[in-house]
Amino acid sequence: MRTEVSNRLRGRRLLVAVSGSIAAVKTPLLVSALVKAGAEVRCLVTASAAKLVSPLALATLSRHRCYQDDDEWDSSRSRPLHIELAEWAELVLVAPLSATSLSRWSQGSGDGLLACVLLACECPVVAAIAMNTAMWNHSAVQRNWQVVQTFPGVIPLVPQPGLLACDRLGDGRMSDPFMIELAASSLFSRGDAEPVSMRDWSGRRLLVTAGPTVEPIDQARLISNQSSGTMGVLLAQAARLRGAEVSLVHGPLQVPEPWLESLSCYPVQSAAEMEVVLEQQQAGVDAIAMAAAVADLRRVASTDASAISKAAKADLAVRLSDGWELVPDLLQGLAARRPAEQLILGFAALTGEDAELLRRGEEKLLRKGCDLMLVNPIDRPGQGFGQGRNGGWLLGKGWSKELPVTGKLQLAHQLLDALLAVKQRSRSSPVPASR
Ligand SMILES: Cc1cc2nc3c(=O)[nH]c(=O)nc-3n(C[C@H](O)[C@H](O)[C@H](O)COP(=O)(O)O)c2cc1C
């Protein structure tokens, strides 16, 4: 089932530009998803793309004619088509971007409708490149790719590893349509009314935890919780799309697999496994966001799991009643070990009245020693575990701010903004105590 983590594509004007890569066969799925999300979509294809994907399919799915190079030269037009499209679009998605179109773009060539639109548009451009691995590794392609990333508003989506249509196993696949849609949503999920270039995490490293941890009771049974991992994964992707290098340590997730693209992922099961990876990864990151819901209890290592397995049902309650210990507080451990300047954002999933949540949140913030704490209620309909929306209060040292319930993608951006603000304030002066 699709989780609605952002409604920010509704009514947005998106231009999907398709160039000549075999990955163009996936573009209709992207167009369909964008239209379902409420966006107004126009498509254009290069001459090569038109041989690989049907312009009629794109026109049908976008509910609008699909433009081709010849349309530029239609004498009934009073304004050049490339200028009209470039000015109309709030976001251009080049999916896929071929080596040839990349080369034209990087060199400022206006050869063809797509090339002219890319030069004329002043809005952000999501560029989902796709090609054979050797082509991708070629120094000329790499150079061109570096050049386009210096253009303002470009969100690069690098080729993904896998089996390519040419039978080669390696980097080259276009980003999954699910991920491209998420990148588009992400651009409109900042507080700003208009999409802005979002590379303000460039050069920073973020470590995120997500999902539940799982503690076995015996070979069949387990202790875990309802966390789907959505909040942590979206936080990781939002930071990655803003230019950060992101590592994600996660328990079993219930999110679309493409949302893990381009993250350094460390899958774990138990809290002990998560702790080991965190210890290995903590050094050298600028910030840590501990969004994982770590299970509270685990079996004492010396207990005999087979005794539980073999117990008759009637004896089960007795067998389960002892041999348990509290899982160590991973967040507290991270805060105790952290190097100077490393920021830590904690999450507190709580139940109860507002005042009680704030009191318990503040107590956790201080006891655990983190810089920021998102207190989010999990006992209110439509928000929290397994939902696309979340909200609550963001607490810092001596201040708190209410974050109204919103899509988790928007919330992820708010949390990244807050981390950057604390970083900047801690450089200039101590955090002001405002309430
Ligand atoms: C079947 C087929 C698949 C292709 N796949 C790719 C590809 O994945 N990436 C790429 O850069 N070029 C690919 N090409 C080559 C481009 O289509 C070719 O370079 C063309 O000039 C691209 O022009 P355009 O960017 O104007 O569409 C492919 C060509 C063919 C015939």
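In this predicted model, an oxygen atom of the ligand lies 2.8 Å from an N or O atom in the side chain of serine 21. The protein covers 65% of the 630 Å² of accessible area that the ligand has on its own; accessible areas come from the Shrake-Rupley method with a 1.4 Å probe, and for residues only the protein chains shown count as cover.

The elements that give two or more residues to the shell around the ligand are helix 2 (47-52) and helix 5 (99-107). Helices (H or I, at least four residues) and strands (E, at least two) are DSSP runs, numbered from the N terminus. Helix 5 gives the most, with four residues. Of the 15 residues around the ligand, Gly20, Thr46, Ser98, Ala99 and Ser101 come nearest, where a residue is near if one of its heavy atoms lies within 4 Å of the molecule or strand concerned. By class, the shell has six nonpolar, eight polar and one charged residues; Ala, Val, Leu, Ile, Met, Phe, Trp, Tyr, Cys and Pro count as nonpolar, Asp, Glu, Lys and Arg as charged, and the others, Gly among them, as polar.

Helix 6 (residues 113-120) is largely enclosed by the rest of the structure, because six of its eight residues are buried. Buried means under 20% relative accessible area, exposed over 50%, and partly exposed in between (1.4 Å probe, protein chains only). The buried residues of helix 6 are Leu113, Leu114, Ala115, Cys116, Val117 and Leu118.

Aspartate 371 belongs to the loop between helix 15 (354-368) and strand 18 (372-377). Aspartate 371 is likewise buried, at a relative accessible area of 13%. Its side chain forms a polar contact of 2.5 Å with the side chain of arginine 338. Such a contact is a pair of N or O atoms within 3.5 Å; within protein, one must be able to donate a hydrogen and the other to accept it, and residues adjacent in sequence count only if both atoms are side-chain atoms. A polar atom of the aspartate 371 side chain also lies 2.7 Å from the backbone nitrogen of isoleucine 344.

As to confidence, the mean pLDDT (the predictor's confidence in each residue, from 0 to 100) of the protein chain is 90, and 95% of its residues reach 70 or more. Residues 193-197 stay under 50.

Local features need pLDDT of at least 70 and side-chain atom pairs 80 or more, whereas totals for chains, interfaces and linings use all residues. Residues are numbered from 1 along each chain as its sequence is written, and side-chain values use heavy atoms, with hydrogens and water left out.

Conventions. Contact means heavy atoms within 4.5 Å.
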